[in-house]
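This report describes one protein model for a reader who is new to the subject. Please look over the sequence and the structure before reading on.

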Amino acid sequence: MRKIFIAITFAVLFSSCNQTKKPALDKKAIKNDSIKIEDSTTTKLSDLELLELFSKNKNEVILKLKSISDKDANALYEKYFEENGYLLHKIEEKQAAILDNFYSENTVDQKNVKLFEEKLSKYQLEIEEIGEGYVEITTKNDFYYNIFKDYVTKDYKDYLYLKSEENKSLYSADAGLIITFKDLGDRIISWENFMTKYPDSKLINSVKDEYKRYQMDYLIGQDNTPTFEKAADEKYIYPENIKEFDRFIAKYPKSPTVPLIYLLKENFKNEKLYDMITTEQAKL
């Protein structure tokens with residue numbers, strides 16, 4: 001993903017960054033007032049025609065934003081995000097041969113990949129490595145922020161800004177975190193601040209889901225980047241993670257994540273630790 005947040009409905013905008021391949025998309029038509037994409041139509045289009053359709057849709061959205069309310073702009077963003085996910089999925093299908101050879105050492109394959117990346121760049125798109133040999137086509141990190149920032153409500157603007165910052169780099173791949181635990185801790189705080197500032201936002205439920213996933217990754221880690229040694233005969237929290245937890249507690253003592261850190265420290269040897277954390281998260 002650099003963004004892994006994805007061709008899905010907005011209710012699950014924050015799909016797991018641990019996935020190595022995007023989920024299959026519903027092939028039924030995705031529509032809004034100004035944009036229509038039919039599967040039967042896109043199947044017949046070349047990748048270049050699909051890219052031109054992507055560009056055309058973007059221009060239509062920009063034009064429409066100038067004449068609608070901020071709440072309507074919020075709704076347009078959601079539909080546009082969903083539609084783009086579908087369209088990029090179709091482009092990936094058209095160019096599967098190139099994408100499948102992204103890591104090939106063959107000179108011809110490498111040249112084809114480079115040419116395709118140059119083509120995508122003209123549309124503010126890029127190929128993102130998402131781990132285990134997979135790649136996907138995504139928008140540039142600030143694509144949606146730049147389009148919608150002056151038209152949506154303040155909570156959506158702040159949300160899109162936070163996402164654009166996060167999407168500058170890959171979050172995780174190959175069952176391990178790519179960003180540092182410190183950066184992850186700071187992400188947690190950013191979303192805690194967002195939820196405090198906009199408790200009634202339409203985004204709050206999906207933001208909270210993402211936030212809780214961040215918390216769990218911060219506390220327990222992922223398979224290839226755990227926070228503690230899990231060997232049955234010798235369990236201990238890694239010193240670097242202890243140091244990070246101490247930093248977080250000192251810098252953000254009032255954070256709702258702090259009690260979860262203490263819970264981890266006291267119960268990391270407990271086989272039901274994940275359930276214990278999940279139970280406490282449900283109270284947030």
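Lys163 is buried, with a relative accessible area of 6%; buried means under 20% relative accessible area, exposed over 50%, and partly exposed in between, with a 1.4 Å probe and protein chains only. Lys163 belongs to helix 7, residues 154-166. Helices (H or I, at least four residues) and strands (E, at least two) are DSSP runs, numbered from the N terminus. The C-alpha atoms of Lys163 and Asp142 are 8.0 Å from each other, while 21 residues separate the two along the chain.

The model is predicted: local features need pLDDT of at least 70, side-chain atom pairs count only at pLDDT 80 or more, and totals for chains, interfaces and linings use all residues. Residues are numbered from 1 along each chain as its sequence is written, and side-chain values use heavy atoms, with hydrogens and water left out.

**Confidence**

The pLDDT is the predictor's confidence in each residue, from 0 to 100. Its mean for the protein is 87, and 85% of the residues reach 70 or more. Over residues 1-35 the pLDDT is below 50, and this stretch has 112 contacts in the model beyond near neighbours in sequence. A contact means heavy atoms within 4.5 Å. Where pLDDT is low, the predicted coordinates should not be read in detail.

**The nonpolar core**

A nonpolar core is a set of buried Ala, Val, Leu, Ile, Met, Phe, Trp, Tyr and Cys residues joined through side-chain atoms within 4.5 Å. The largest one here has 70 residues, and Phe148, Phe194 and Tyr218 have the most contacts inside it. Leaving aside residues up to four places away in sequence, Phe148 touches Val61, Leu65, Ala73, Leu76, Tyr77, Tyr80 and Leu160.

**Helix 9 and helix 11**

Two packed helices are described by the angle between their axes and the distance between the axes. Helix 9 (residues 204-220) packs against helix 11 (residues 258-267) at an angle of about 35°, and their axes are 10 Å apart. Axes are lines fitted to C-alpha atoms, for helices over the stretch in contact, and angles run from 0 to 180 degrees between N-to-C directions. From helix 9, Gln215, Tyr218 and Leu219 meet Leu260, Ile261 and Leu264 of helix 11. Of the residues in this contact, five are nonpolar, one is polar and none is charged.

Buried residues of helix 11 are Val258, Leu260, Ile261, Leu263, Leu264 and Asn267. Their cover includes helix 9, strand 9 (228-229), strand 10 (236-237), helix 10 (239-251) and helix 12 (273-281).

**Residues apart in sequence**

The table gives two further pairs with their C-alpha distances.

| Pair | Apart in sequence | C-alpha to C-alpha |
|---|---|---|
| Gly131 and Ser172 | 41 residues | 8.0 Å |
| Pro226 and Leu177 | 49 residues | 9.0 Å |

Gly131, in strand 3, is buried at 8% relative accessibility. Pro226 lies in strand 8, residues 225-226, and is partly exposed at 22%. Beyond residues up to four places away in sequence, Pro226 touches Phe181, Ile220, Gly221, Tyr238 and Asn241.

**Positive phi**

Which residue other than glycine has a phi near 60°? Gln124 does, in the loop between helix 5 (107-121) and strand 3 (125-131). Gln124 is partly exposed, at 27% relative accessibility. Ala175, not a glycine, has a positive phi of about 60°. Ala175 is found in the loop between strand 5 (172-173) and strand 6 (176-177), and its relative accessible area of 25% makes it partly exposed.

Terms used:
Nonpolar A, V, L, I, M, F, W, Y, C, P; charged D, E, K, R; others polar.
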